[in-house]
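Thank you for making time this morning. I would like to walk you slowly through one protein model, beginning with the whole chain and ending with a few single residues.

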Amino acid sequence: MPTHATTATVPPPPSHRPAPTTPGPGSMLATAADLVATGLEQALAAARSGDATAARRVVRGSGRRRLACRRADCCARVRVAASSPSPRSLPRTASELRLVAELDHLGGLVDSLARQVAGGALPPAAVARLAGDLDVMASCGVARLRRLSVLRGPDMDAGYRHDGESLRAVLDHLPAVADASSPRTPQPALTCRRIVESVLAASSLAARVV
């Protein structure tokens with residue numbers, strides 16, 4: 001009966017083996033920022049259209065956003081523990097950890113806005129009043145978040161600075177947090193204000209990490 005010879009696969013020498021690829025701190029941070037940006041984009045689209053079903057999908061994605069932030073935080077802490085950082089690098093590390101915490105906080109605000117939309121707290125009349133601000137948040141806010149991990153210095157570029165100016169202008173239209181206790185203050189508008197403030201805070205921290 002004929003037999004078929006088999007060729008054994010010999011592993012390459014260690015020097016020729018490809019190095020394992022593991023996500024670095026930049027990729028962890030980029031993943032967290034991108035997931036939060038996507039959640040924000042989807043929540044704002046749901047708010048703009050009054051789509052409660054889409055808003056509930058955003059809430060269901062909360063776990064992925066929080067997990068990505070936890071991984072980015074863990075990665076930064078492990079990196080510090082495994083090395084002997086110089087005193088000059090400690091402010092950068094502190095800013096990186098604060099940035100991850102801000103992204104996690106922002107993700108919670110995205111969930112809050114999505115829950116408010118899903119619960120009917122943003123009727124058509126309220127959407128009409130917030131329409132311009134929602135559009136600026138969807139364009140400038142989401143764009144800023146997606147660039148957090150690739151910033152190149154405190155001055156950035158003209159487009160990035162313009163996005164920041166547009167977001168700060170939105171704050172002039174939205175109710176102040178001090179008015180939160182007033183029954184006449186719409187909660188979704190306050191949530192939008194907190195979202196804009198969080199995006200700007202994350203941008204400021206990211207500029208100290210690069």
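What follows goes from the overall layout to the core, then to one pair of helices, and then to some individual positions.

First, a word on how to read this. This is a predicted model, in which local features need pLDDT of at least 70 and side-chain atom pairs count only at pLDDT 80 or more, while totals for chains, interfaces and linings use all residues. Residues are numbered from 1 along each chain as its sequence is written, and side-chain values use heavy atoms, with hydrogens and water left out.

Let me begin with the layout. The protein has seven helices and zero strands, where helices (H or I, at least four residues) and strands (E, at least two) are DSSP runs numbered from the N terminus. Read from that end, the order of elements is α-α-α-α-α-α-α. Of the 210 residues, 39% are buried, and here buried means under 20% relative accessible area, exposed means over 50%, and partly exposed is in between, with a 1.4 Å probe and protein chains only. Among contacts with a separation of 6 or more, 78% are between residues 24 or more positions apart, a contact being heavy atoms within 4.5 Å.

Now to the interior. In soluble globular proteins, nonpolar side chains tend to be buried together. The largest nonpolar core in this model has 51 residues; such a core is a set of buried Ala, Val, Leu, Ile, Met, Phe, Trp, Tyr and Cys residues joined through side-chain atoms within 4.5 Å. Helices H1, H2, H3, H4, H5, H6 and H7 each give at least two residues to this core, and H1 supplies its largest share, 11 residues. Ile195 is one of the residues with the most contacts inside the core, and, not counting residues up to four places away in sequence, Ile195 touches Leu40, Leu106, Leu109, Val110, Leu113 and Met137.

Next, how do the axes of H3 and H4 cross? The axes of H3, residues 62-81, and H4, residues 90-118, come within 10 Å and cross at roughly 170°, each axis being a line fitted to C-alpha atoms over the stretch in contact, with angles from 0 to 180 degrees between N-to-C directions. H3 is therefore roughly antiparallel to H4, since angles under 35 degrees count as roughly parallel, over 145 as roughly antiparallel, 65 to 115 as roughly perpendicular and the rest as oblique. Among the residues that make this contact are Asp73 and Ala76 of H3, and Glu96, Leu97 and Val100 of H4.

Let us stay with two of these. Is Glu96 buried or exposed? Glu96, in helix H4, has 4% relative accessibility and so counts as buried. Its C-alpha atom is 7.6 Å from that of Ala76, 20 residues away in sequence. Asp73, in helix H3, is partly exposed, with a relative accessible area of 22%. Asp73 touches Leu97 and Val100, not counting residues up to four places away in sequence, and the C-alpha atoms of Asp73 and Glu96 are separated by 8.3 Å.

Finally, two other positions. Ser166 lies in helix H6, counts as buried at 17% relative accessibility, and contacts Val136 and Cys140, leaving aside its neighbours within four places in sequence. Gly50, in the loop between H1 and H2, is partly exposed at 45% relative accessible area.
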